[in-house]
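Here's a quick briefing to read with the model open beside you.

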Amino acid sequence: MIDETRDYEAIIAALQEIAGEVQVCTACELHKGRTRAVPGEGPVDAEIMLIGEAPGFNEDQQGRPFVGAAGKLLEELLAEIGLTRDDVWIGNVVKCRPPQNRDPRPEEIAACAGYLERQIALLQPKLIGTLGRYSMEKFFPGARITKVHGQAKRDGARVLIPLFHPAYVLRNMSALPDAKRDIHKIPRLLARLEQVLAEEAAAQAPAEEARQDEPGMTQPEQLSLF
Ligand code: URA
Ligand code: SF4
């Protein structure tokens, strides 16, 4: 959704600058094995940001996130809520492929974190969906995915929701119904966030005005469902 208060040209330029830095980055060991770094991609005005773990074989070849089998399932899950991959911003916790797709190491995640943080600050997504363990750990430290998947949390003007990694679902197809149920929460969460933020803004307006605008207004505390 276009927000007229934001300078999209400047944001696009800053995102391109980050992508350029990532492509030549040597801040961790992973740069040695990469064919192409995968900075992440999507529309500059995306409301939804999905964050995976690390590029795999296909991503490393193409320089794009989630273009292999896991990406295909991710696209199918997005289709459940009427979205395509072009509607969301997709990135990863680490931008270069770990050898043999091993798990990224803490020092690699730490070395790469600044890029993702800058991307989030520029994109200002309304909702961040974490895909899998490493991405979840950043926003839900210590949580267990089998326990907390689908349980959204509000973070200021944003909603965070831990989702199963599509590669995990491919290995455990019994998780597919849960994965679908979780993704179906996204439109409702976005609508709810919008409503809560509007209510809070109204509650902060001078009392007289608020009374005139919205006679039966509920207090914001009662609205926090995240
Ligand atoms: N798995 C991930 O976590 N990220 C990708 O980009 C592809 C597969
Ligand atoms: Fe740099 Fe991140 Fe690639 Fe490591 S994974 S080399 S920190 S871009």
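**The sheet**

Ile48 stands opposite Leu127 in strand 3. That contact belongs to the pairing of strand 1 (residues 48-52) with strand 3 (residues 127-131), which run in the parallel sense over 4 bridges. Before going further: this is a predicted model, where local features need pLDDT of at least 70, side-chain atom pairs count only at pLDDT 80 or more, and totals for chains, interfaces and linings use all residues. Residues are numbered from 1 along each chain as its sequence is written, chains are lettered from A and ligands numbered from 1 in the order in which they are written, and side-chain values use heavy atoms, with hydrogens and water left out.

- The sheet is an open one of 5 strands, in the order 2-1-3-5-4 with mixed pairing.
- Strand 2 (89-92) and strand 4 (153-155) are at the edges with a single partner strand each, so one side of each has no neighbour in the sheet.
- On average, neighbouring strands here are turned by 25 degrees against each other, direction ignored; the axes behind that angle are lines fitted to C-alpha atoms.
- Strands are DSSP runs of E with at least two residues, helices are runs of H or I with at least four, and both are numbered from the N terminus. Two strands pair if DSSP finds at least two bridges between them.

**Open pockets**

- A pocket is an open set of points on a 1 Å grid over the protein atoms alone, with protein on both sides within 12 Å along at least five of seven lines; lining residues have an atom within 4 Å of a point. Grid points are joined across faces, edges and corners, and a volume is the space filled by probe spheres set on the points.
- The largest pocket comes out at about 590 Å³. Its lining has 27 residues, with Glu53, His165, Ala167, Tyr168 and Arg171 nearest the centre.
- Helix 2 (57-62), helix 3 (69-80), helix 5 (133-139), helix 6 (145-148) and helix 7 (166-171) each give two or more residues to that lining.
- By class, the lining of the largest pocket has 13 nonpolar, 8 polar and 6 charged residues. Here Ala, Val, Leu, Ile, Met, Phe, Trp, Tyr, Cys and Pro count as nonpolar, Asp, Glu, Lys and Arg as charged, and the others, Gly among them, as polar.
- The second largest pocket has a volume of about 280 Å³, and Asp3, Arg6, Gln124, Pro125 and Lys126 lie nearest its centre among 15 lining residues. That lining has 8 nonpolar, 1 polar and 6 charged residues.

- The whole structure holds 2 cavities of 30 Å³ or more; in a cavity, a 1.4 Å probe fits but cannot get out.
- The largest cavity has about 110 Å³ of space. Of its 13 lining residues, Cys25, Cys28, Cys96, Cys112 and Tyr115 lie nearest the centre.
- Helix 4 (residues 106-123) gives the most to this lining, with 3 residues.
- The second largest cavity has about 70 Å³ of space, and its lining includes Leu50, Leu131, Phe164 and Asp182. Helix 8 supplies the largest share, 3 residues.
- The lining of the second largest cavity divides into 9 nonpolar, no polar and 1 charged.

**Ring contacts**

- The charged end of Lys153 sits over the ring of Phe140, 4.6 Å from its centre. The cut-offs are NZ of Lys or CZ of Arg within 6 Å of the ring centre and within 35 degrees of the ring normal.

Notes
Axes are lines fitted to C-alpha atoms, for helices over the stretch in contact, and angles run from 0 to 180 degrees between N-to-C directions.
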